[in-house]
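Subject: Structure handover

Hello,

Here is the structure for you to look over.

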Amino acid sequence: MAGRIEEIAETVEGAWLDELRADLRGAALTPGDSGYDEARALWNGMIDRHPAVIVHVESTDDVVAALRFARERGLVVTTRGGGHGAAGNALSEGGLVVDLSRLREIAVDPVARTVRAGGGVTLGELDAATQEHGLATPLGVVTKTGIAGLTLSGGIGWLRRKHGLAADNLVSLEIVTADGSVLTASADENAEVFWALRGGGGSFGVVTALEYRLHPVGPDVTVAFVLYPGERGAEVLRAVDEYTASAPDDVSPIAFLGRVPHGDPFPVGAHGLPYAAVAAVHPGDPAEGEAVLRPLRELGNPIVDLSGVMPWVEAQGILDEDYPDGWRYYWKSVDLDELGDNALARLAAHAAAAPSHHSTIDVWYHGGAMTRVGAEETAFGRRSAYLIGVEANWEPGDPDDENVAWARAAVEDLRELSGGGAYLNFPGFFEEGEELLRASYGERNYERLVAVKTVLDPSNVFGGDGTIKALRA
Ligand SMILES: Cc1cc2nc3c(=O)[nH]c(=O)nc-3n(C[C@H](O)[C@H](O)[C@H](O)COP(=O)(O)OP(=O)(O)OC[C@H]3O[C@@H](n4cnc5c(N)ncnc54)[C@H](O)[C@@H]3O)c2cc1C
């Protein structure tokens with residue numbers, strides 16, 4: 001490996017690098033620099049890539065300078081937002097990383113009910129700032145996730161049935177494209193780019209700022225979070241489905257099939273046993289929330305009921321501890337339009353076969369606002385009734401092969417029941433390439449994304465795994 005790192009370092013050494021550094025307010029790290037290894041560490045410990053240069057940008061001008069350098073040296077560019085991309089595509093071997101972790105500015109306009117945030121902001125930071133005004137925008141369910149990666153590929157969380165995807169709530173974005181142009185994308189300006197950035201992923205440039213619509217949320221919200229015995233898995237998943245069919249859009253449940261963690265607050269006798277859990281958050285009046293969520297807490301004798309009233313920012317962190325930095329992760333997903341007996345039986349069987357007791361199979365019950373947006377209104381085409389997440393999560397030192405193989409086998413089996421799409425924020429390592437992108441965006445959206453890409457990035461400067469590829473002349 002040492003030889004390879006030296007080879008990568010040679011790509012950018014000398015006068016070129018001095019020129020880049022002179023142009024930057026931020027910093028540029030190359031292999032061998034102190035801080036380089038910390039800067040290339042991502043949330044997913046499976047990813048061990050050595051970029052030629054990591055640019056810690058501090059302004060939009062820094063992004064322009066970094067892209068000029070990458071073009072001149074012929075380097076592939078990847079963008080790092082919050083570093084929580086499940087596939088690790090924020091880094092490429094031997095490429096240039098535009099690292100946005102210093103772009104953390106947040107400006108809330110409580111009167112217009114909007115917020116503008118830098119491309120390196122995390123979900124927890126955005127919620128903390130907007131909650132000072134009793135407002136929030138729909139994001140995801142783990143606070144350290146980056147808002148940029150999450151939003152550009154959709155963004156599903158506890159508010160998806162009430163207020164839609166994170167991407168559905170975008171008002172505008174600032175993007176630096178491959179040739180260094182700085183564009184605003186909104187419904188009125190560069191509308192086709194705005195269409196592409198709402199679900200089309202990180203293929204089109206570096207998004208330096210995102211502006212969202214805000215909604216009244218909390219500050220106190222009601223959380224239902226109950227673990228039932230795992231042998232009742234299929235029954236619990238069906239009951240949550242029936243509940244959701246008539247529940248108000250305020251509630252966006254997720255069910256999880258997994259094994260009870262060892263440690264507080266889980267009863268000692270249950271540690272390691274299979275569970276079927278349901279979680280949901282009601283964002284309005286706590287008394288109403290308690291009544292609306294009550295049926296989810298009465299699906300039988302629970303292993304443990306962790307429900308309660310808490311501030312929105314705390315509710316957003318209820319799953320944080322399940323995803324330590326540096327563990328090994330392999331996440332895939334399958335869109336489903338129906339959750340019949342066959343699907344339920346398969347989900348339960350695959351969950352029971354997981355080699356790691358940290359792994360889960362998750363059912364996201366969609367519907368409501370997120371499915372009222374048309375398939376071609378934004379790039380996020382497939383708005384299916386259910387999303388199945390297959391999360392292989394295991395500790396460093398445990399075998400990679402069998403955990404990855406478990407997730408792949410489960411997904412291959414579940415795809416027999418699906419139209420073929422997946423959620424591109426849970427893509428495995430994008431092994432299926434273009435096929436997965438076409439199935440997930442839908443054919444027409446995919447072709448439209450290729451057309452936008454061909455204009456904005458004809459040479460595929462943003463050419464890492466999972467990106468849309470431009471048509472070459
Ligand atoms: C613990 C955990 C929990 C999660 N929970 C949810 C959830 O509840 N809901 C949900 O929808 N998703 C969820 N995800 C998936 C998450 O949305 C994706 O992994 C997303 O890519 C993370 O974004 P990031 O900025 O942190 O990632 P990064 O690794 O920094 O980036 C991932 C990719 O996004 C693109 N990107 C990031 N920032 C920019 C930018 N500023 N400009 C252009 N492209 C950019 C790039 O293509 C990059 O390769 C979760 C992920 C994790 C790890």
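The notes below cover the helix pairs, then the nonpolar cores.

This is a predicted model: local features need pLDDT of at least 70, side-chain atom pairs count only at pLDDT 80 or more, and totals for chains, interfaces and linings use all residues. Residues are numbered from 1 along each chain as its sequence is written, and side-chain values use heavy atoms, without hydrogens and water.

Helix pairs

Helices are DSSP runs (H or I, at least four residues), numbered from the N terminus. Axes are lines fitted to C-alpha atoms over the stretch in contact, with angles from 0 to 180 degrees between N-to-C directions.

Helix 12 (residues 341-352) and helix 13 (residues 400-415) pack at about 175 degrees, axes 10 Å apart. They are therefore roughly antiparallel (over 145 degrees). R346, L347 and H350 in helix 12 meet W406, A409, A410, D413 and L414 in helix 13 (contact: heavy atoms within 4.5 Å).

The axes of helix 14 (residues 434-441) and helix 15 (residues 443-456) come within 6 Å and cross at roughly 115 degrees. On the helix 14 side, E434, L437, R438 and Y441 meet E443, N445, Y446, E447 and L449 of helix 15.

Cores

A nonpolar core is a set of buried (under 20% relative accessible area, 1.4 Å probe, protein chains only) Ala, Val, Leu, Ile, Met, Phe, Trp, Tyr and Cys residues joined through side-chain atoms within 4.5 Å. The largest has 51 residues; L237 and L347 are among those with the most contacts inside it. Helix 13 gives the largest share, 6 residues. L237 touches residues including L339, L347 and Y365, not counting those up to four places away in sequence. A second, separate core has 41 residues, among them L139 and L456.

Best regards

How values were computed. Helices (H or I, at least four residues) and strands (E, at least two) are DSSP runs, numbered from the N terminus. Angles under 35 degrees count as roughly parallel, over 145 as roughly antiparallel, 65 to 115 as roughly perpendicular and the rest as oblique. Buried means under 20% relative accessible area, exposed over 50%, partly exposed in between (1.4 Å probe, protein chains only).
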